[in-house]
Amino acid sequence: MKRRLPPSGPVARWGRHGVTLIELLIVIVMIGILSGIAASRLDWQRYRTDAIAREVITEVSKAQRLAVTLQANVRFVVVDPQRIQIHEDVDNNGAVGTGERVRTVVLDEPGRLTKGTSADVPGPSDPTEIATIVFRRDGSASRGGTIYLTSALPDASCKRCRAISVVRATGRPTLYSLSTGTWRRAN
């Protein structure tokens with residue numbers, strides 16, 4: 001049996017495997033340029049506002065579930081543009097008493113809870129702004145309405161405006177976005 005020798009000469013060079021350092025650097029530079037272009041088009045503040053809106057929805061849902069679990073009223077209060085207070089009102093008297101827990105949630109910057117400026121929030125509840133919701137032991141809310149959230153950064157077109165609509169009968173929160181000029185239900 002004869003042994004075959006590998007090809008030599010110009011043909012052998014074209015059949016090589018692997019990449020050179022120059023080819024690798026060119027690919028890395030191209031990826032860097034493309035990612036720089038993509039990153040400049042992202043609106044990071046919009047993502048942060050969405051995250052803060054989802055945090056508020058989570059706190060509303062937690063307060064509702066807590067009322068059902070404790071079989072007592074739970075008060076959800078917007079204290080100021082940056083803080084929410086959740087009060088477990090075990091004796092159902094509307095005042096903080098001994099043995100009743102009060103938890104304060106501080107929202108991240110740049111989100112701010114604001115007064116409602118738009119009355120065209122599509123939803124089953126009253127579009128007026130709300131600052132206090134009392135969740136009852138059956139999960140219903142004391143009133144329906146909307147909690148408005150905006151960015152503290154300049155936003156003339158209100159692309160980062162959000163609204164959280166709370167249904168009175170069920171206490172269920174729904175998120176809306178004003179990013180396209182009209183209020184639309186967000187995912």
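Q: How many helices and strands are there in the protein?
A: Helices (H or I, at least four residues) and strands (E, at least two) are DSSP runs, numbered from the N terminus. Here you get three helices and nine strands, and along the sequence they follow the pattern α-α-α-β-β-β-β-β-β-β-β-β. Keep in mind that this is a predicted model: local features need pLDDT of at least 70, side-chain atom pairs count only at pLDDT 80 or more, and totals for chains, interfaces and linings use all residues. Residues are numbered from 1 along each chain as its sequence is written, and side-chain values use heavy atoms, with hydrogens and water left out.

Q: In what order do the four strands of the open sheet stand?
A: Two strands pair if DSSP finds at least two bridges between them. Follow the partners across and you read 3-2-1-5, with antiparallel pairing. Strand 3 (102-106) and strand 5 (132-135) are at the edges with a single partner strand each, so one side of each has no neighbour in the sheet. On average, neighbouring strands here are turned by 15° against each other, ignoring direction.

Q: Which residue is the bridge partner of Val77 in strand 2?
A: Val77 sits in strand 1 (residues 73-80), and its bridge partner in strand 2 is Gln85. Strand 1 and strand 2 (residues 83-89) run antiparallel and are joined by seven bridges.

Q: And which residues does Val77 touch, leaving out those up to four places away in sequence?
A: Contact means heavy atoms within 4.5 Å. By that rule, Val77 touches Arg83, Ile84, Gln85, Ala131 and Thr132. Zooming out, residues 24 or more positions apart account for 50% of the protein's contacts with a separation of 6 or more.

Q: Is Val77 buried or exposed?
A: Buried means under 20% relative accessible area, exposed means over 50%, and partly exposed lies in between (1.4 Å probe, protein chains only). Val77 has a relative accessible area of 15%, so it counts as buried. Across the protein, buried residues make up 34% of the 187 residues.

Q: What about the five-strand sheet: what is its order?
A: This open sheet reads 4-6-7-8-9, again with antiparallel pairing. Its edge strands are strand 4 (111-114) and strand 9 (184-185), each pairing on one side only. Helix 3 (residues 44-70) packs on this sheet, where it touches strand 4, strand 6, strand 7 and strand 8 (173-177), and its direction makes about 15° with that of strand 7. For that angle, axes are lines fitted to C-alpha atoms, for helices over the stretch in contact, and angles run from 0 to 180 degrees between N-to-C directions.

Q: Why is strand 6 largely enclosed by the rest of the structure?
A: Check its residues for burial: seven of the seven are buried, so the strand is largely enclosed. Gly145, Ile147, Leu149 and Ser151 point one way, while Thr146, Tyr148 and Thr150 point the other way.

Q: Which residue forms a salt bridge with Arg162?
A: A salt bridge is a side-chain nitrogen of Lys or Arg within 4 Å of a carboxyl oxygen of Asp or Glu. There are five by this rule. Arg162 forms one with Asp50, with the closest N and O atoms 2.5 Å apart. That pair links distant parts of the chain, 112 residues apart: Arg162 is in strand 7 and Asp50 in helix 3. Arg162 has 2% relative accessibility, so it counts as buried.

Q: Which residues are linked with Glu59 in a network of salt bridges?
A: Lys62 and Arg103 are linked with Glu59 in that network. Glu59 and Arg103 meet at 2.9 Å, N to O. Glu59 lies in helix 3 and Arg103 in strand 3, so this pair ties together parts 44 residues apart in sequence. Glu59 is buried at 7% relative accessibility, whereas Arg103 is partly exposed at 36%.
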